[in-house]
Amino acid sequence: MILEALIGFTFLAALVVLLAPNAWAGRLAFALSAVPFAGSLYLWSQFDAVGNALTGGTIAFESRYEWVEVGGRTVSWFVGLDGISLPLVVLTTFLVPLAILSAWTPVDSRQSQFYGLMLFMEANLLGVFTALDFFLWFVFWEAVLVPMYFLIGIWGGPRRKYAAIKFFVYTNAASLLMFIGFMSLTFALGDSIGSLALPEITQALADGGLETWFGISPGRMAMIAFLAMFAGFAVKVPIVPVHTWLPDAHVEAPTPVSVLLAGVLLKMGTYALLRFNFTMLPEQASTLAIPIAAIAVISVIYGAMLALAQKDLKRIVAYSSVSSMGYVLLGLVVFTEYGVGGATFQMVAHGLISGLMFMAVGVVYNATHTRMVGDMAGMADRMPVTVGILVAGAFGYMGLPLMAGFAGEFFIFVGAFGAPSLPYAPVFTALAMFGIVIVAGYLLSAMQKTLFGPFRLETDYEIGPAPFHDVAPLAVLLAAIIVLGVAPDIFFEMIRDAAMPVVEGVSVDV
Amino acid sequence: MSSVAPAWTALSPALLLGLTGLALLLVDTIRPNERSNTSMAVVSALGALASLSVTVWFVIAGTGHADAGGAITLLEGAVKVDTLALFFTAIFASVTALVVVAAHDYFHDHQRPAAFYSLTLFAATGMALLAVANSLAVVFVALEMVSLPSYALVAFLKKDRGSVEAGLKYFLVGALSSAVFLFGISLVYAATGSLIFGEVASAVESLDALAGVAGVGIVMIVGGVAFKTASVPFHFWAPEAYEGAPAPVSAFLSSASKAAGFVVAFRVFTEAFPLGASVAAGIDWALAFAVVAAVTMTLGNFAAAVQEEVKRMLAYSSIGHAGYALIGLAALSTGSAGNEAVMGAAMAHLLVYGFMNTGAFLFVAMAERWGIGRTFEDYAGLARRAPVACTAMAVFMFSLAGLPPFAGFFSKYFLFMGAIENGFLWLAGLGAVNSVVSLYYYSRVVRAMFLDDPATPSALDAIDVRPTALYAAVVFAAVATVLLLPGFGPVIEAAEAAAAALF
């Protein structure tokens, strides 16, 4: 019942905030969003899952009610957590209050709608990470798009309509592709499944339940489904070459929305890849290991190079997300304990770090009203605290030890280097590592140009330190990044526990 | 309880609607000069709600359900009350209630609104009779009882040229299709010697030389159904009538009247012309419906995509949705266990559609009441002045497009899954493609309301009234559209039970 309470409360909070007056909607939303965070901490403290929820592990906080039946298959309200989903639930509930806090300054119109939509999105995100029934999961997955569309389209920058519609069309088309892929898989499973529960489907697939359907043989059907789902999720992640919606959406979105977009929404894609493609169809994943590893490396390098070429601070951070997601994909495809575990850990780590970067850039923008690298210099003189945290965050991005980014990337590289199931694993890993050099290059150069040196910015007003409610979330995020970097085991223990069954699903014949 | 009550009480939903209509007439006759818009609306709404409550009570109590003694037949078998009838009566009564509530504000300055309410109630009575008709003669009479008030309703704004023109067009096409339908009935009678569905069905099994006559008759009946459901090739009246008619009437026609066409189709084609016997006699009406469904949904959606006026877009979208619902007949196959699932899904879709489409047209009614324009551009920035109504409209649009988490997604999902289970992958695929197309034009409305800026800063100053009843109807329809998602279980169960009784 506790998960229902968590999701239900967030929905109710969204409704309450939507009806609240604009003047104090922000404060109300912040207060209400603290409750789900407290709830997720409670979940963490009571967490008792063992193994992976999809492969027969014990599920924490499991709750299941039959909903309807269609075509002989029950659809149920089926939620629960395991070591992969709990960290993401905690990440979501942690980032939302901070994002709401960071919205106090920039969002100056229709506040109650803005904060209501943020909370509505949070509720659906929690649903995505807790749902264990395909149908339920898909409803939440799609429902995330609607608030995002409005958040970008109403409160975004000058090209907000274009960005919002591009985001909506891209991700919707991708969802349809994924949906068709998955549904054809369930049809081909025939009578071997009696519901759309993900654990049951995973089990049936592992037992070879696929039958010939509409003349498509089981092997081919699994491959078609894998490709359709991979393409669908790749858009969400995003992976090169389907990443082009991301920079537009990020640049136009207001800061708090960017924080959630980079921090949580991108993780929906990698989470779904792990849950569906790599857990359910490991055979196909290892057959396609080389091409997938190749596009992972291309995403890392190409994303970083694109970031290198940008002049807009937000675009730099946006493209570097593409690069970071490449690491996650590489970690997933190598199918080792540290690879898959590290990828999951990196989802959380990147959520915190990219959230911090977007927020910090947003705070600078609130003061300067420009994000162009060439427009300003020496910001460190005027906003010392903000800039200090921004620099720390950038070092986290570059993988400075004792920060979360280091732990995530380190796990992935350790897991990837000696991966037995991926041919040429050392080559792919070495190439991907090279991406870090480029990251360091563009982040250091952008920071040097904008933050240090003599102050220069043409404004008709004085630029001073940012208000407390802008800086506080930055400091909290930085603290979380350091805590996770110093003690990665607080999450990595449970992640590894849930990742092991996935890894063992692939039989390696060297 | 229900076993004690005399059999005729099973008709009380229809009787309640009819009596309400008569009561309205009576009041208007006694006090003709009293402009009593409010009391008229209240009485009609209460009548529709009473009918709805009785219907829902019957469904819960199991009246006409196979477990509770089966269908109740009356009048020598010409009328049959079963779960199917009750399910559709619930749709008709809900839509009627929404429409009469909304009409209160829409006709606030009309000279004589009384006729509107009684005509609407009489048309609803006809629909409720259509739902229980078990004989081709009753079907025809009930169909006319729906059609005649509808013509008058479309032309209700008699000083408005668009309304009058629409009424005339609707009347001409309607009269033609009534004639075709009646001729079809007479041919079927000639070939089978009966009008009662069950007897027709047994005669169809041994048609021999008369199969040709019966076949032509059935095709003509398909034509009549196509008119009532606004399907190709008898869809031409729909965009004109829906656009020209007062918006509450458009809502009523495109939701309730369309569902009435479907209840006839579902019952006649399963009970009078069972698929197995018809195919054996060389009359494969499922194939005919498959073609009609495919063309209707494609034409409706693509035509909607190029419209510039919201109301006209909704009219074409309504044609597209008729195409989806026709899958319920098209995707049947002889003896398949999945038949009740796909037909049940079509019925559930019509119920959901009853709320989301009525709501969308009532929003247009609100826009007409405010006096803002009719095109997408005229809706620009509307969300700033009317956030609640626009949120409701966004719910309708996304639900019509079949986007989760709204009920429209659920019913379409069930429909397409049912079609695939029955081996009609191509129909489901075409439906999915059409849904993607529809997202484009539905999202244009949302985009205009929420993302676009008003053409001029003063463009929205016309919005100076908050029509309470219209708001209530629109918001209620939106809440129903959302709540039908978690509450879909009982709906689809009732629909499948209703469909199961037909096979």
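Helices (H or I, at least four residues) and strands (E, at least two) are taken here as DSSP runs, numbered from the N terminus. The model is predicted: local features need pLDDT of at least 70, side-chain atom pairs count only at pLDDT 80 or more, and totals for chains, interfaces and linings use all residues. Residues are numbered from 1 along each chain as its sequence is written, while chains are lettered from A and ligands numbered from 1 in the order in which they are written.

**Stop 1: the annotated spans**

Select residues 133–437 of chain B. This span is 78% helix and 0% strand, and its end C-alpha atoms lie 37 Å apart. The unreviewed UniProt entry annotates it as "domain: NADH:quinone oxidoreductase/Mrp antiporter transmembrane". UniProt positions are given in the numbering used here, feature names are shortened, and annotations may be inferred rather than shown by experiment.

Next select residues 131–420 of chain A, for which UniProt (unreviewed entry) lists "domain: NADH:quinone oxidoreductase/Mrp antiporter transmembrane". Here the chain is 78% helix and 0% strand, with 32 Å between the end C-alpha atoms.

**Stop 2: chain B as a whole**

The C-alpha trace spans about 70 × 55 × 45 Å along its principal axes.

Colour chain B by burial: 63% of its 503 residues are buried. A residue is buried if 20 or more other C-beta atoms lie within 10 Å of its own, exposed if 12 or fewer, and partly exposed in between, with C-beta atoms placed from the backbone.

**Stop 3: between the chains**

Bring chain A back. In total, 19 residues of chain A are in contact with 19 residues of chain B, contact being C-beta atoms, placed from the backbone, within 7 Å. On the chain A side, the elements giving two or more residues are β1 (60–70), α5 (134–143), α6 (145–155) and α7 (160–188). Of these, α7(A) gives the most, with 5 residues.

**Stop 4: the core**

The largest nonpolar core has 434 residues, and those touching the most other members are Leu330(A), Val333(A), Leu130(B), Ile327(B) and Leu362(B). Such a core is a set of buried Ala, Val, Leu, Ile, Met, Phe, Trp, Tyr and Cys residues joined through C-beta atoms within 7 Å. Helix α14 (residues 339–370) of chain B gives the most to this core, with 21 residues.

Centre on Val333(A). Not counting residues up to four places away in sequence, Val333(A) touches Ala285(A), Ala289(A), Ile292(A), Ala293(A), Ala296(A) and Leu422(A).

**Stop 5: backbone details**

- Val240(A) to Pro241(A): the peptide bond is cis, with omega near 10°. Pro241(A) is in the loop between α9 (218–236) and α10 (245–252) of chain A.
- Pro404(B) and Pro405(B): a cis peptide bond with omega about 5°. Look for Pro405(B) in the loop between α16 (387–401) and α17 (407–421) of chain B.
- Tyr424(A): phi is near 60°, positive in a residue other than glycine. Tyr424(A) counts as partly exposed, with 14 C-beta neighbours inside 10 Å.
- Ala230(B): phi is positive, about 55°, although the residue is not a glycine. Ala230(B) is buried, with 29 other C-beta atoms within 10 Å.

Methods. Two residues are in contact if their C-beta atoms, placed from the backbone, lie within 7 Å.
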